[in-house]
Amino acid sequence: MSIFVYDQEKHIRQEKDESRQEGKEEGREEGRVEGRASMLRDLVIRKVEKGYSLEQKAEAFDYNKDEIEPIYNMVREEAGGYSVQSSDVDKSPETK
């Protein structure tokens with residue numbers, strides 16, 4: 001016989017709280033990753049607007065050219081529709 005009393009409701013609450021906390025932490029990390037990507041995209045847009053080459057951007061941001069190239073290509077393809085002044089850089093030019 002055990003001297004401890006098992007409280008199933010308390011155990012379930014604790015499990016829910018732990019799961020909720022893990023979910024919040026995962027969400028925060030995803031937000032940080034998205035924020036960094038958005039900031040890098042804004043920087044690339046600014047440099048494209050100023051006429052910087054891909055190599056100049058990679059050097060200025062201290063990134064590998066291969067890391068910047070997909071963003072650079074996306075911005076070049078949509079050159080007229082993106083602007084740093086607009087906070088909606090994720091939207092396509094047609095929806096602005």
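Predicted model: local features only at pLDDT ≥ 70, side-chain atom pairs only at ≥ 80, totals over all residues.

Q: Okay, how many residues does H1 have, and what span does it reach?

A: H1 has 42 residues and reaches 61 Å from its first C-alpha to its last. That is close to the 62 Å expected at 1.5 Å a residue.

Q: At what angle do H1 and H3 pack?

A: The angle is about 55 degrees, and the axes are 10 Å apart. H1 covers residues 8–49 and H3 covers residues 65–77. The two are therefore oblique to each other, and H1 passes H3 in a right-handed crossing.

Q: And which residues make the contact?

A: From H1 you get Leu40, Arg41, Val44, Ile45 and Val48. H3 brings Ile68, Ile71, Tyr72, Met74, Val75 and Arg76. By type, that contact has nine nonpolar residues, two charged ones and no polar ones.

Q: Which residues of H1 are buried?

A: Those are Leu40, Arg41, Val44, Ile45, Lys47 and Val48.

Q: What covers them?

A: The cover includes H3 and helix H2, residues 54–61.

Q: Switching topic: where does Glu69 lie?

A: Glu69 lies in helix H3.

Q: Why is Glu69 called partly exposed?

A: Because its relative accessible area is 30%, and partly exposed runs between the under 20% of buried and the over 50% of exposed.

Q: What about Glu69 and Ala58, how far are their C-alpha atoms separated?

A: By 8.5 Å, and the two residues are eleven apart along the chain.

Notes
Residues numbered from 1 in each chain as written. Heavy atoms only, no water. Axes fitted to C-alpha atoms, helices over the stretch in contact; angles between N-to-C directions. Helix = DSSP H or I, 4+ residues; strand = E, 2+ residues; numbered from the N terminus. Parallel < 35°, antiparallel > 145°, perpendicular 65-115°, else oblique. Left-handed = near helix turned anticlockwise from the far one by under 90°. Contact = heavy atoms within 4.5 Å. Nonpolar A, V, L, I, M, F, W, Y, C, P; charged D, E, K, R; others polar. Buried < 20%, exposed > 50% of the residue type's maximum accessible area, 1.4 Å probe, protein only. Expected span 1.5 Å × (residues − 1).
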